[in-house]
Amino acid sequence: MKNKIIIIFLLFLSASCSESFLDNAPEDSLVVDNYYNTNEQVMSAGSPLYGYPWFYFNEKFLICVGDNYSGNSTGTYSDIAQFTLFSVNQGNQFATEGWDALYNVIGTANTLLHNLDTKVSADVDEEVIEAVRGEAYFMRATAYFYLVRTWGAVPIIHDMSQYNAEADVYRNTVEDIYTFILNDYNNAVSRVPVQRADSDAGRVIQSACNAMMAKVYLTLKDYTNAKAKAELVINSGIHGLLDNYGDVFHPRNNNSRESIFALQWVANQGWGTQNVSQAYLAASPKLTNAGDGWGTFQPSIDFQNAYEAGDLRRHETIMEPGDFYPDLVTSEGGYTVPSAGMTSTIAGWRKYVVGSKDEWADVGFMSTNLNTNIMRYAEVLLIHAEAILGSSASTTDSKALESFNAVRKRAGLANKASLTFDDILQERRMELAVEGKYWYDLARMDRTKALAILSNQERGDYNDGDYNDIITRKVTPSAGDFLLPIPGSEADLNPLLLEEPVPFDFNN
């Protein structure tokens, strides 16, 4: 049978934000034929790639998959609870929204590539055209990287001729999707600049491409290339760790030296342009004073118990009874977490909680301008250490230890003299919590070991705020749970998505 690919997305979005490249986004897709006449217009054409198409990916999907599915976080809302209970079905709202958003990113990138080929004035500098083309390749690759790790075989949509055309649309093989991803990242790294002007901070540069390729190669267990790409980032001299872990997650430090690639949000400019994470992570409306702060996501008991003693990240990641935050609820002199706790697991999330307008002007109902970290320097250091470890049981390599221990030093933890995979997995879990990472780490490791980890996690609650009384919940996933089911709405439109995947034609 023939199936139409119909993907609806906004080509461009008007957004405003002071001193940001997002200021210059085109206002209306209807003027696209007249919009590619100057360097500034072409640069602006790439700006929407950094926010709006990713919105529903960021709204709940990233935490649902990366943290609830992996046991870092819990939540009682029905479609969120499916992730906690390994019962995600084809109708899950947030899985479907994630799929749609990632294909929206791909559709926006494909449109931009088409327009750069067909609509650009001869007055535009080739260097500018190629830099924006590189951004489109980068975003498309990143979207496919999330798709293939979440659903496995998915369709590769790469050309505007595939939209609204009668065509048989099958999923493509996982191997070919990874080849396509690496091709796109290589196309990006050869086009984007080494560095950007301050006015373009946050736009993709070569280190972002190399960092993402390092992670792809690590996922594929190509440790040689993962190490080489990570070292390109480390040796670039562009990036470094911020001194204080908590500073990474405040808007004043958006696009800091630690940020390598982040989604860019603009507060209070309309639905779809803002970061809504605070609304779901803050466990008290008092923290935001904006009508949200619902504690939709809660730190799991298992995650809370995973901290080493003395880890400075704990206070900046979760909020526990008696913890004091002088930079929150400043109108009352700061915020002390109630003795009864904040949620059914007692703790609440601190990370990505900005506060109210008293603390930061760009806060509103379900709205902040805090970037969403997709890749930061701390993760590159951990990738580097793991790539050096490779398939060995342990390593005492000085470079691996240097990278690994730099992350631990900031966390206030003692250096390690040797490393195992378990050491790195633990460090990644605690460093990158609520950044949508841990599930993908579990999914790429030995399956028997991953199942054992997941089956022994405490995903339950404390009874009436009593640390000594756990309403236990342990769930044993099956091997099939390591990929989400294709959304039912997509399969209904195109039953071929349920057929066996086919090779991708790289010559078309």
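**Leu381 and its surroundings**

Leaving aside neighbours within four places in sequence, Leu381 is in contact with Ile234, Leu241, Ser403, Ala406 and Val407. Please keep in mind that this is a predicted model.

- Leu381 sits in helix α13.
- Is Leu381 buried or exposed? Leu381 counts as buried because its relative accessibility is 5%, and buried means under 20%.
- Leu381 and Glu231 are 150 residues apart along the chain, yet their C-alpha atoms are separated by 8.9 Å.

**Where α13 meets α14**

- Two packed helices are described by the angle between their axes and the distance between the axes.
- Helix α13 covers residues 377-389 and helix α14 covers residues 398-410. Their axes come within 8 Å and cross at roughly 145 degrees.
- The crossing of α13 and α14 is left-handed.
- Which residues make the contact? On α13 they are Ala378, Leu381, Leu382, His384, Ala385 and Ile388. On α14 they are Lys399, Ala400, Ser403, Phe404, Ala406, Val407 and Arg410.
- Sorted by type, the residues of the contact of α13 with α14 are nine nonpolar, two polar and two charged.
- An α-helix has 3.6 residues a turn, so residues three or four places apart point the same way.

- Helix α5 runs over residues 126-151, which gives it 26 residues. From its first C-alpha to its last, α5 reaches 37 Å, close to the 38 Å expected at 1.5 Å a residue.
- How many of the residues of α5 are buried? The count is 24 of 26, and α5 is described as mostly covered.
- What follows α5? Gly152 does, and its phi is positive, near 80 degrees.
- Helix α15 takes in residues 421-431. This helix is mostly covered too, with eight of its 11 residues buried.
- The buried residues of α15 are Asp423, Ile424, Leu425, Glu427, Arg428, Arg429, Met430 and Glu431.

- Lys221 has a positive phi of about 60 degrees, although it is not a glycine. You will find Lys221 in the loop between α7 (206-219) and α8 (223-235).
- Lys221 is partly exposed, because its relative accessible area is 46%, between the limits of 20% and 50%.
- Met366 is not a glycine either, and its phi is positive at about 55 degrees. Met366 lies in the loop between β10 (363-364) and β11 (367-368).
- With a relative accessible area of 8%, Met366 is buried.

**Residues in strands**

- Asn373 belongs to strand β12, which spans residues 372-376.
- Asn373 has a relative accessible area of 6% and is therefore buried.
- Which residues is Asn373 in contact with, leaving aside neighbours within four places in sequence? They are Val248, Phe249, Phe261, Ala262, Tyr352 and Glu435.
- Asn463 is part of strand β13, residues 461-463.
- The relative accessible area of Asn463 is 33%, so this residue is partly exposed.
- Leaving aside neighbours within four places in sequence, Asn463 is in contact with Asp469 and Ile471.
- Asn463 and Ile346 are 117 residues apart in sequence, and their C-alpha atoms are 9.5 Å apart in space.

**A buried threonine and an exposed asparagine**

- Where is Thr273? Thr273 is in the loop between β4 (259-263) and α9 (277-281).
- Thr273 counts as buried because its relative accessibility is 7%.
- The side chain of Thr273 reaches the backbone oxygen of Gly270 at 2.8 Å.
- Asn305 is found in helix α11, which covers residues 301-305.
- Asn305 is exposed, because its relative accessible area is 56% and the cut-off for exposed is over 50%.
- Asn305 and Gly46 are 259 residues apart along the chain, and 43 Å separates their C-alpha atoms.

Notes:
Residues are numbered from 1 along each chain as its sequence is written. This is a predicted model: local features need pLDDT of at least 70, side-chain atom pairs count only at pLDDT 80 or more; totals for chains, interfaces and linings use all residues. Side-chain values use heavy atoms; hydrogens and water are left out. Buried means under 20% relative accessible area, exposed over 50%, partly exposed in between (1.4 Å probe, protein chains only). Helices (H or I, at least four residues) and strands (E, at least two) are DSSP runs, numbered from the N terminus. The expected span of a helix is 1.5 Å times one less than its number of residues. Axes are lines fitted to C-alpha atoms, for helices over the stretch in contact, and angles run from 0 to 180 degrees between N-to-C directions. A crossing is left-handed if the near helix is turned anticlockwise from the far one by less than a right angle, and right-handed if clockwise. Contact means heavy atoms within 4.5 Å. Ala, Val, Leu, Ile, Met, Phe, Trp, Tyr, Cys and Pro count as nonpolar, Asp, Glu, Lys and Arg as charged, and the others, Gly among them, as polar. A polar contact is a pair of N or O atoms within 3.5 Å; within protein, one must be able to donate a hydrogen and the other to accept it, and residues adjacent in sequence count only if both atoms are side-chain atoms.
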